[in-house]
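Open the model in your viewer and keep the selection tool ready. This tour goes stop by stop, saying what to select and what is there.

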Amino acid sequence: MTRLNDTALKAELKKARETQEEIVDIAVPGLAVRVGRGPAATWSLVFGVRGEGGISRRGFERKGRRYRLSLGTYPAMSLEAARARANEFLAQANAGQSPVIALERAAAGGMTVAALTERFLEDYARSKNLRSARKYEQAIATHILPQLGEVSVDALDREQIRSLIRQVRVPRPRLDTKGGRAHGGIEAARRALGVLRLMVGWAIEERLVNREDNPASRMERHLPKKRKADRVLSIDELRAVWRAADSGFAFDNHARLMLLTGCRAGELARARWPWVDLKQGLLSIPAPEYKTNRPARGTAGAGRGGDS
């Protein structure tokens, strides 16, 4: 166990790992950060509520069952903010007041968008080990929660979603860094809308809300039509790339494999020998490693690997 700091957290996020790990912070009892394969981490608090476990023989109030609450994601929620939030919940629990009940009462008008995001990420995105979970978290923390976090899902209307789209599609400079890519833009708005639509649809299917309509449906009409990628390299351009990949650079063969198979750079970078059949000149990509979550094959000279 360690006393966490920003330097240590950033170092942990850079580590490559195959499974989720939990790092406990000794500064606040029960506070930990869950780190997965992506460059994000989730704050988690485990606690018991005084009095729920009855009274001991000496008259002390026992704590009952252990609860776990997700507080937010790092770095969207800073270390200081996570500790402050955790201490707030612990103070309630030690006073015999359940933070879980308090959160439910705060959403008395129905489940808020903020409460839905917690359930959605924990019970849907992370439980299914979705590779897109990191993108969901980013869209939620950066765009959806600041605009709609306190809104009841049952009361969410299309005008509020139109306002979200207008806000997100305007690029804004990042506050956490002096340079780098700005927040927002048309594609960011498209992604935020897609995540919101998926969340509300999931909540309706799971009967977490009373409404039966999804106000985010067909709202993409308020965004410019997405252009299909129809640009391909000409034969002369392919020859130029192939010749350029003969300079002794570290990734020359990687570039040539992309030209031969049509596979994406990440798919080749993650490739394993069991995927390769040298006799047939075949690369078989398992479904979990492919963009469409379906198995695919790339063969020399085949261009874009087709679904199998």
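Begin with the salt bridges. The model is predicted, and a search of the whole structure finds 15 of them. Side chains of opposite charge can pair when their charged atoms come close.

**Stop 1: R68 and E22**

Select R68 and E22. They form a salt bridge, with the closest N and O atoms 3.0 Å apart. Now colour the two strands. R68 sits in strand 4 (residues 61-74), while E22 sits in strand 1 (residues 21-24). The pair is 46 residues apart and links distant parts of the chain. R68 is partly exposed, at 40% relative accessible area. E22 is partly exposed too, with a value of 40%.

**Stop 2: the network**

**Stop 3: E159 and R166**

Move on to E159 and R166. Their side chains meet in a salt bridge, 3.2 Å from N to O. Are these residues buried, or partly exposed? E159 counts as partly exposed, because its relative accessibility is 42%. R166 is also partly exposed, at 45%.

**Stop 4: helix 7**

Select residues 186-205, which make up helix 7. Pick out E187 and R190. They form a salt bridge, and their closest N and O atoms lie 3.2 Å apart. How far apart are E187 and R190 along helix 7? They are three residues apart, so about one helical turn separates them. An α-helix has 3.6 residues a turn, so residues three or four places apart point the same way. E187 is partly exposed, with 39% relative accessibility.

Stay on helix 7 and select R191, which also belongs to this helix. R191 is partly exposed, with a relative accessible area of 42%. With R191, they form a positive surface patch.

**Stop 5**

Follow the chain into the loop between helix 7 and helix 8 (235-244). Stop at R207, which lies in this loop. The phi of R207 is near 60°, a positive value in a residue other than glycine. Most residues other than glycine have a negative phi. Is R207 buried or exposed? R207 counts as exposed, because its relative accessibility is 75%.

Go on to R218, found in the loop between helix 7 and helix 8. R218 has a positive phi near 60°, and R218 is not a glycine. R218 is exposed, with a relative accessible area of 52%. The cut-off for exposed is over 50%.

**Stop 6: helix 9**

Finish at helix 9, residues 252-261. Select D252, R256 and T261. These three are buried. Look along the axis of helix 9. Why are they on the same side of helix 9? They cover an arc of only 140° around the axis, which puts them on the same side.

Definitions and conventions. Residues numbered from 1 in each chain as written. Predicted model: local features only at pLDDT ≥ 70, side-chain atom pairs only at ≥ 80, totals over all residues. Heavy atoms only, no water. Patch = residues over 30% accessible without salt bridge, like charges linked within 9 Å, V, L, I, M, F, W, Y side chains within 5 Å. Areas by Shrake-Rupley, 256 points an atom, 1.4 Å probe, with all protein chains shown as cover. Salt bridge = Lys/Arg side-chain N within 4 Å of Asp/Glu carboxyl O. Lys, Arg positive; Asp, Glu negative; His and termini not counted. Charge placed at Lys NZ, Arg CZ, Asp CG, Glu CD. Helix = DSSP H or I, 4+ residues; strand = E, 2+ residues; numbered from the N terminus. Buried < 20%, exposed > 50% of the residue type's maximum accessible area, 1.4 Å probe, protein only. Arc of directions from axis to C-beta.
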